[in-house]
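Subject: Structure for you to look over

Hello,

Here is the structure I promised to pass on.

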Amino acid sequence: MEISFKTQIGAETLSIQAGKIARQASGSVLVQYGETMIMVTAVSAEEPKPDVTFLPLTVEYQEKIYAAGRIPGNYFRREIGRPSEKETLTARLIDRPVRPLFPKGYNYETQVIATVLSMDKENEPDVLAMIGASAALEISDIPFEGPIACVRVGRIENRFVINPTIGQWQDSDINLIVAGSRNGIIMVEGGGDFVSESDMIEAIFYAHQEMQPLLDIQEKLRESIGKEKRPFELPEKDPELVKRVKEQAEDKIRRAVTVPEKIDRRSAIGNVKKETIEALGEEYEEQKGEAAEIFGDLQHEICRDMILNQGRRIDNRKTDEVRPILCETGILPRVHGSALFSRGETQVLAAMTLGSGQDEQRVETLLGDETFPFLLHYNFPPYSVGEVKRPGGPSRRDIGHGALAKRAIEKVAPAKENFDYTIRLVSEVLESNGSSSMATVCASSMALMDGGVPVTAPVSGIAMGLVTDGEKSVILSDILGDEDHFGDMDFKVAGTGQGITALQMDIKISELSRDILEQALEQAKQGRLHILDRMEETINAPRKELSPYAPNVINVQISPERIGELIGPGGKHIRQIQNDTNTQIEINDSGLVKISAFSKEEGEEAERIIKDIGSEPEIGEVYEGTVVRITDFGAFVAIKPKTEGLVHISELAHYRVKSVSDVVKEGDTLQVKVIDIRDGKIRLSHKALLEAPEKEEGHSGDTRQPREGKSDRASSRNDSNDSRNGREKDRRSRQQPKKNFENK
């Protein structure tokens, strides 16, 4: 049965349709907003996956290039198998709010696939994908504690806007994706332009209020077409085994979880677990797996009880206390900027390198080919947590953490027109025990300043946690990895002293109240400012100069009509300049030429050549040109490719020139000065570059003789001819009297 429900959200109507396509999936829907349409399916296996203690859920998000009416630009002309960074981030965005809503212990392999079928280039499909995932799970037989809804919220001219168009994003100082249930917030992702905590709270709960109609239509859809949920109950643990494990391990766990160092604590807990299972004896030989689960649950309960009822964290810090911080900059000598940031047992090395426009990342998206001049890559090697694993490419987690840190830092990066470099930051996580993504923000901020990048302000970040039993709630600053594991919230906040630049919140409970969120943001602000103070003790402003190893970038504006001359046939000229000067050169359609050189001298040489070829002549400029043609009235001189000017016969010398060929010939090099440009015609002068002859007192002087001083090859040849003519006259005058005497 085909059915559809609609509701007004923001400026457009959103519809959810089911029962028409992909009917063999456990649940499938079409979600449309404007002319953007996405299909979402959910399927869960019929049999459980044995010996799996976690939810085997995978979420995939696919952008089909045909959705935007285009053919893929790669060699194969089809979507490549590896997901793009955008697809990976959106898949994570869907996964995070739906994962906590499956029953505890559900071990049936489950897959959600969201496919973009149509894209109108105004409405982003990511929020539609999350709505579709919830709707598909709601109408399926898969046990799911939904529904949830999702909207994007912006703020334009101090007015909140739900689902602003892509074109409106640049005018919005807030860009948040908010997911929620009927009664509370369950996920927040996004950032802002130095937005206050109170404004962020208002934006989040405005979004929660506006998403309610989306929950209404999902409930109607489920009532109309929803399948009966498959029964699932978490198997009861053996009560006698639970009792035995608790007797053997409770006191030992309480001591072990308070061991200060992470590796030592993990080892101590591992020893207690081993001793506990061995002490159970042969009676429970077949239930070792169940005993291990019981042990993990007991450890979880003890850690939460310490915080809620004893007011004690596992490392004995206060709830709002930040671990000790150490900062250092400039530790990598050849890198353009570097910093090491340590906070407790979390340590990140950030390296910053600068490049030219050719180093920008180019990505094919549904919106077309996009370029990104600011890059941040996050690497999480296995040794950072004391593990042995095969290193591979970036994981979904790596891409997600890198994107969060980039969003936090990018707000303070200089505009491209003011700092014409491609910036790449790499975060190497050397140790991890809680919030390496926020440590990445701190280290990257310092690396930028160490490299002399003119950022507007330093940025710091902190991860907050929450432990609640429904009645008591405790908010934790700067959480450890274990506190993240047994806690109910992971809330990351980054920003400057002026406000928030990035947010990411995930909760493991069904909803989060406004009071708790307000308290968490205020506590995060105090911790973030504390970290910022420690960073500024090491470096508080960008270095005044870039690294001597950074490339020099020089911009030269040429006439657009000269672009072809600069490039040359098949790129011959531009390649020759790059080879001769060891530079990289880019040219855009406006005639802006960008030179990237690794030495000042090479950059200046390339600049001189480009200016000589690409600029239009101006009055007063001096050129060394080539005589290309001679006429009775002057010489035509090529001062640059395809640009000629006339040196009139009167402008060849200070004396009266009878014939142009007496001074210059075709092929001669002649230094000339531009004296006039009129109607596209260029008048040149050679005479203007020669010294005028001095007049003797009482005598007009021989104006036919050239002056001494600056001369080129043609002037020297003229001087030589005059000298020969003079010697010939002297010889004749000496011979003439003798001839007359003989005649007499």
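Strand 13 covers residues 346-355 and is mostly covered: 9 of its 10 residues are buried. Buried here means under 20% relative accessible area, with exposed over 50% and partly exposed in between (1.4 Å probe, protein chains only). Strands are DSSP runs (E, at least two residues), as helices are (H or I, at least four), and both are numbered from the N terminus.

Before going on, note that this is a predicted model: local features need pLDDT of at least 70, side-chain atom pairs count only at pLDDT 80 or more, and totals for chains, interfaces and linings use all residues. Residues are numbered from 1 along each chain as its sequence is written, and side-chain values use heavy atoms, with hydrogens and water left out.

Which strands pair with strand 13? One is strand 12 (residues 337-343), antiparallel over 7 bridges. Two strands count as paired if DSSP finds at least two bridges between them. Across this pairing, Phe341 faces Val348 of strand 13. The hairpin of strands 12 and 13 has 2 residues between the strands. Gly344 takes a positive phi there, near 60°.

Strand 17 (residues 422-431) is also a partner of strand 13. This pairing is antiparallel too, with 9 bridges. Here Ala351 stands opposite Val426 of strand 17.

Now to another part of the chain. Strand 3 (residues 27-33) and strand 4 (residues 36-48) are antiparallel, joined by 7 bridges. Ser28 has Thr41 in strand 4 as its bridge partner. What does Gly34 do in the hairpin of strand 3 and strand 4? Gly34 takes a positive phi near 65°, and the hairpin has 2 residues between the strands.

Strand 4 also pairs with strand 6 (residues 108-118). They run antiparallel, with 9 bridges. Ser44 stands opposite Thr110 in strand 6.

Strand 22 is joined to strand 24 (residues 592-597) by 6 bridges. Gln557 stands opposite Leu592 in strand 24.

Best wishes
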